[in-house]
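Here is a short report for a first look at this model. Keep the sequence and the 3D view open while reading.

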Amino acid sequence: FAHLGVEEALQTNETVDIFQEEFAHLGEEEAGAVTKTHSKLKEHPNFHDVTYTKGKRIEWVEWVPSSSDMVVSSCCENLPFTERLETSGKASVSTVLVWSFQDSLSPHAILVAPWEVTVFKFYPSDSKYLIGGLGNGQIAVWKLADADLGHAVRDKTSSQSARGNGLEEEKSSTIPTVSHKQISMIDESHRRAVLAIEFMPATIEVERRGKGASEKNPSDAPIKYFLTVAGDGQVMIWDFQSLLDAINDNDFLWRPVHRVQLQRQDSGTEMGLCHILHCHDRYDDKGNKLLSTFYASTEEGELVFGDWAARGEEDRKAEVVKKLHASSKTFRPMLSLERSPFFPDILLGVTDWAFYLFKDGLNDHLFQSSYNSIYYTRGVWSPTRPSVIFLGLTSGGIDIWDFSDQSHKASLSDTGASVAITSMIFCYHGDLMQEQKLAVGDAQGQLHIQNIPRNLIKPAGRELDNMRKFLDREENRVKYFQERHQELRDMKDNMEKAAQMAADAAAAEAGKGADDEDKADQIAESAYKKLEMECKELLG
């Protein structure tokens, strides 16, 4: 009868696919987690130009406000440290390129800068103005026309004679070039390259000499101030409204309205900064709203909580650094510092080996990822899914972490570029639930536009609540360990005190015993002398 059972098993294998994946055909809502079969990033034709981007790295990328088909990028030279030292201090022409999806072969407009533009942002109250931080520490401002931003059709007035002078001359004659309108005083600017720009709320008014801030302006007023940081450890506050009033005045001297120097308390050296985030809704113990606090990342991977309006005493300097999170210290610069779009008190910090989640008000990091064999370069939150984070790698890949699926490793890895990723930013314009675009710049001057698949756009059922519960569990875990460590420290102190008291008691007891022995000897000695005297008297 054995051959009958074998024959039946063979026939069953022929009629049933034993290698079929049972969960391959589940819907998006049922699956919930990220799966490789439905999460492939689709790339839009990338942007590059032989003249302006070849061999350079895309240092910073921004989407044109209220547009999903216009993107701006800045390019910097890929020079080793020795060659960069030789060219340091020498002015050179650098470019910021405006790209349009209508033409991926040549830039739509070119912004010319006297130094490399390491960071730039559009002015939120008027997108015609672009504010850029330069490699020598200065702040430059460009004014763009509607045609440069793709809001209007450009008049094609290229001459026919230019067409006969070669392709490069034709390209340079048809692509408009925009020079900066104003630039800050070099003596009053940063001493090192500007690395971050952060706009302050429109309601804030900075008091004279930076003594504090108040909410005097209406909420619908144009934004007046913005913050900048650099590797020199300075936080500077700039008045942009005063610049707009003198935008055409060539004699205008633009300087910051206030600056503070961040220093390390142990050594007193400068604390080089990489990123900055202004704290919008933070209150002190008395319920007063704090308007001058900020979070910043350092060149050694730490997270700093500071107050630029801190006041010093007569014999002490102002303590700008209020709190220092050294748990993420790697002795390398922090690469990204992003605030969650769903949880304003949750911060994402990305270092070379791992990324961290911090919570405002907590003394330790909330979550730390496992160490990765490939270095991270950038990190951004998903604009529509609360539990998803996109991380760029030096290999050109993109790791996608989904905390609703797992928290010990990435749920998906995909390709974003062929070389190291240097910048990443999502487009926040348009219907984000229908289409999402991720701009990815690499180390060879290629600007890639990745279309995000649907299941990485649409949140799973109750994902926001599940992510909040995950963060609460991590917070309870951190608080438990902090309380446990405090209990152990108190226990250690009590044990040391008890041991010291026991040692003192033993020493006192030993001293008391020695005193009693001395008294007994004295009594015996006095008795002996008395007996000796009596004996002498009897003997005459």
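Is Glu487 buried, partly exposed or exposed? At 44% relative accessibility, Glu487 counts as partly exposed. The cut-offs are these: buried means under 20% relative accessible area, exposed means over 50%, and partly exposed lies in between (1.4 Å probe, protein chains only).

## About the model

This is a predicted model, in which local features need pLDDT of at least 70, side-chain atom pairs count only at pLDDT 80 or more, and totals for chains, interfaces and linings use all residues. Residues are numbered from 1 along each chain as its sequence is written, and side-chain values use heavy atoms, with hydrogens and water left out.

## Overall build

The protein has six helices and 33 strands. Both are DSSP runs, numbered from the N terminus: helices are H or I with at least four residues, strands are E with at least two. Of the 540 residues in the protein, 44% are buried.

The accessible surface comes to about 29,000 Å². Carbon and sulfur atoms account for 51% of that surface. Accessible areas come from the Shrake-Rupley method with a 1.4 Å probe; for residues, only the protein chains shown count as cover. Contact means heavy atoms within 4.5 Å. Among contacts between residues at least 6 apart in sequence, 58% join residues at least 24 apart.

## Salt bridges

The structure holds 24 salt bridges. A salt bridge is a side-chain nitrogen of Lys or Arg within 4 Å of a carboxyl oxygen of Asp or Glu. Side chains of opposite charge can pair when their charged atoms come close. One of these bridges joins Glu302 and Arg264 (2.9 Å, N to O). The pair links distant parts of the chain, 38 residues apart. Glu302 sits in the loop between β20 (293–298) and β21 (303–307). Arg264 sits in the loop between β16 and β17 (273–278). Glu302 is buried, at 2% relative accessible area. Arg264 is buried too, at 14%. Both belong to a network of salt bridges that links Arg264, Glu300, Glu302 and Lys329.

Lys359 and Glu475 form another bridge (2.6 Å, N to O). Lys359 lies in strand β25 (residues 355–359) and Glu475 in helix α6, so the pair ties together parts 116 residues apart in sequence. Glu475 is buried, with a relative accessible area of 12%.

## Along helix α6

Which residue pairs with Glu487 in a salt bridge? The partner is Arg484, at 3.2 Å from N to O. Arg484 counts as partly exposed, because its relative accessibility is 36%.

Leu488 also has its place in helix α6 (residues 463–539). Leu488 is partly exposed, at 38% relative accessibility. With Met491 and Met495, Leu488 makes a nonpolar surface patch of about 300 Å².

## A positive patch

Patches are made of residues with over 30% relative accessible area and no salt bridge: like charges are joined within 9 Å, nonpolar side chains (Val, Leu, Ile, Met, Phe, Trp, Tyr) within 5 Å. Lys and Arg count as positive and Asp and Glu as negative, while His and the chain ends are not counted. The place of a charge is taken as NZ of Lys, CZ of Arg, CG of Asp or CD of Glu.

Arg208, Arg209, Lys211 and Arg311 form a positive surface patch. Arg208 lies in the loop between β12 (204–206) and β13 (213–215). Arg208 counts as exposed, because its relative accessibility is 70%.

## Around Gln261

Gln261 has its place in strand β16 (residues 258–261). At 26% relative accessibility, Gln261 is partly exposed. Setting aside neighbours within four places in sequence, Gln261 is in contact with Arg191, Asp232, Gly233, Gln234, Glu270 and Val320. Val321 is 60 residues from Gln261 along the chain, and their C-alpha atoms are separated by 9.6 Å.

## Positive phi angles

Most residues other than glycine have a negative phi. Ser66 has a positive phi, near 55 degrees. Ser66 lies in the loop between β2 (56–63) and β3 (70–77). Ser66 is exposed, at 61% relative accessibility.

Phe331 also has a positive phi, of about 60 degrees, although it is not a glycine. The loop between β22 (321–325) and β23 (336–339) holds Phe331. Phe331 counts as exposed, at 62% relative accessibility.
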